[in-house]
Amino acid sequence: SGGDSSDVWDQLKDVQQIQATTRAFAAILADGSCVTWGPDLGATFEIQELRGVQQVQGTFRAFAAILEDGSVVAWGHGNGGGDSSGVQEQLRSVKQVQASGFAFAAVLDSGSVVTWGNPRYGGNSSGVQHRLRSVHHIEATSCAFAALLADGSVATWGSSAYGGDSSEVQDQLRNVLQLRATESAFAAVLADGSVVTWGNPHFGGDSSAVQDQL
């Protein structure tokens with residue numbers, strides 16, 4: 001899916017960035033417009049009319065674009081993050097959008113976070129919303145998010161089997177400098193050069209076998 005771009009081939013000039021869902025592509029052009037191709041995009045408006053697109057992220061079935069005014073436009077499968085109407089008024093001054101399999105998380109200039117999409121994939125962050133202040137960056141597995149905070153701590157939400165529950169290592173998550181994610185696990189690099197992992201052990205969530213080397 002998405003392998004045939006013949007319908008939009010004449011529009012694909014001066015491409016600056018390409019992002020993908022599992023079935024479609026979205027390309028940002030130098031003039032800030034966006035060209036999409038592939039099935040099941042579910043767009044409720046003309047994507048080609050978008051202007052000022054700065055960044056695009058994709059879940060498995062939806063896209064979200066940050067515009068130059070800091071707002072966000074989402075399209076695609078509604079339960080896959082394509083419907084942001086419930087939080088649209090909050091999506092102002094957005095500096096980063098991250099995607100799990102079926103949900104998005106947006107970091108605002110204020111350091112707060114807005115989420116939408118399937119709750120089982122991290123679309124509902126209400127359980128940790130009180131911690132989501134001064135957020136620097138967000139990473140995602142396919143079903144969970146991890147936010148790096150200004151104080152070097154980490155807040156997680158989403159499916160526990162995919163790294164959404166970091167309670168067992170929370171006391172180790174101090175002075176974190178960097179987060180990375182596989183499909184189902186997270187790894188955090190600390191200021192002392194050590195590494196803390198959590199999530200599905202079959203996807204890198206258990207680093208005990210090499211911990212003495214980290």
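1. Let me start with a strand pair. S4 and strand S5 (residues 62–67) run antiparallel and are joined by five bridges. Within that pairing, Gln57 sits across from Ala64 in S5. Bear in mind as you read on that this is a predicted model.

2. Zooming out a bit, S4 and S5 belong to an open sheet of three strands, ordered S4-S5-S6 and paired antiparallel. Strand S4 (53–58) and strand S6 (72–76) are the edge strands; each has a single partner, so one side of each has no neighbour in the sheet. From one strand to the next, the twist averages 20 degrees.

3. There is another open sheet of three strands to look at, with the order S10-S11-S12 and antiparallel pairing. Here S10 and S12 are at the edges, each pairing on one side only. Neighbouring strands are turned against each other by 20 degrees on average, direction ignored. S10 and S11 run antiparallel and are joined by five bridges.

4. Which residues touch the most other members of the largest nonpolar core? They are Val113, Leu132, Val135, Ile138, Phe145, Ala147 and Trp157, out of 17 residues in that core. The elements giving two or more residues to this core are strand S8 (103–108), strand S10 (135–140), strand S11 (144–149) and strand S12 (154–158). Another core, of 15 residues, lies apart from it and includes Val72, Ala74, Ala99 and Trp116.

5. Now the aromatics. The whole structure has seven aromatic pairs. In one of them, Phe145 and Trp157 have ring centres 5.4 Å apart and planes at 25 degrees, so the pair counts as stacked. Phe145 is in strand S11 and Trp157 in strand S12, so this pair ties together parts 12 residues apart in sequence. Are these two residues buried or exposed? Phe145 is buried, at 0% relative accessibility, and Trp157 is buried too, with a relative accessible area of 4%. Elsewhere, Phe60, Phe102 and Tyr121 form one aromatic cluster.

6. On to charges: a search of the whole structure turns up two salt bridges. One is between Arg180 and Glu139, at 3.4 Å from N to O. This pair links distant parts of the chain, with Arg180 in strand S13 (residues 176–181) and Glu139 in strand S10, 41 residues apart. Arg180 is partly exposed, with a relative accessible area of 47%, whereas Glu139 is buried, at 12%.

7. The other salt bridge joins Arg92 and Glu89, whose closest N and O atoms are 3.9 Å apart. Arg92 is partly exposed, with a relative accessible area of 40%. Glu89 counts as exposed, at 65% relative accessibility.

8. Last, have a look at Ser85. Where does Ser85 sit? Its place is in the loop between S6 and strand S7 (94–99). With 56% relative accessibility, Ser85 counts as exposed. Its side chain makes a polar contact of 2.7 Å with the side chain of Asp83. For a sense of distance across the model, the C-alpha atoms of Ser85 and Val128 are separated by 22 Å, and these residues are 43 apart along the chain.

Note on methods:
Residues are numbered from 1 along each chain as its sequence is written. This is a predicted model: local features need pLDDT of at least 70, side-chain atom pairs count only at pLDDT 80 or more; totals for chains, interfaces and linings use all residues. Side-chain values use heavy atoms; hydrogens and water are left out. Two strands pair if DSSP finds at least two bridges between them. Helices (H or I, at least four residues) and strands (E, at least two) are DSSP runs, numbered from the N terminus. Axes are lines fitted to C-alpha atoms, for helices over the stretch in contact, and angles run from 0 to 180 degrees between N-to-C directions. Buried means under 20% relative accessible area, exposed over 50%, partly exposed in between (1.4 Å probe, protein chains only). A polar contact is a pair of N or O atoms within 3.5 Å; within protein, one must be able to donate a hydrogen and the other to accept it, and residues adjacent in sequence count only if both atoms are side-chain atoms. A nonpolar core is a set of buried Ala, Val, Leu, Ile, Met, Phe, Trp, Tyr and Cys residues joined through side-chain atoms within 4.5 Å. Rings of Phe, Tyr and Trp (its six-membered ring) pair if their centres lie within 6.5 Å; planes under 30 degrees apart count as stacked, over 60 as edge-to-face and the rest as tilted. A salt bridge is a side-chain nitrogen of Lys or Arg within 4 Å of a carboxyl oxygen of Asp or Glu.
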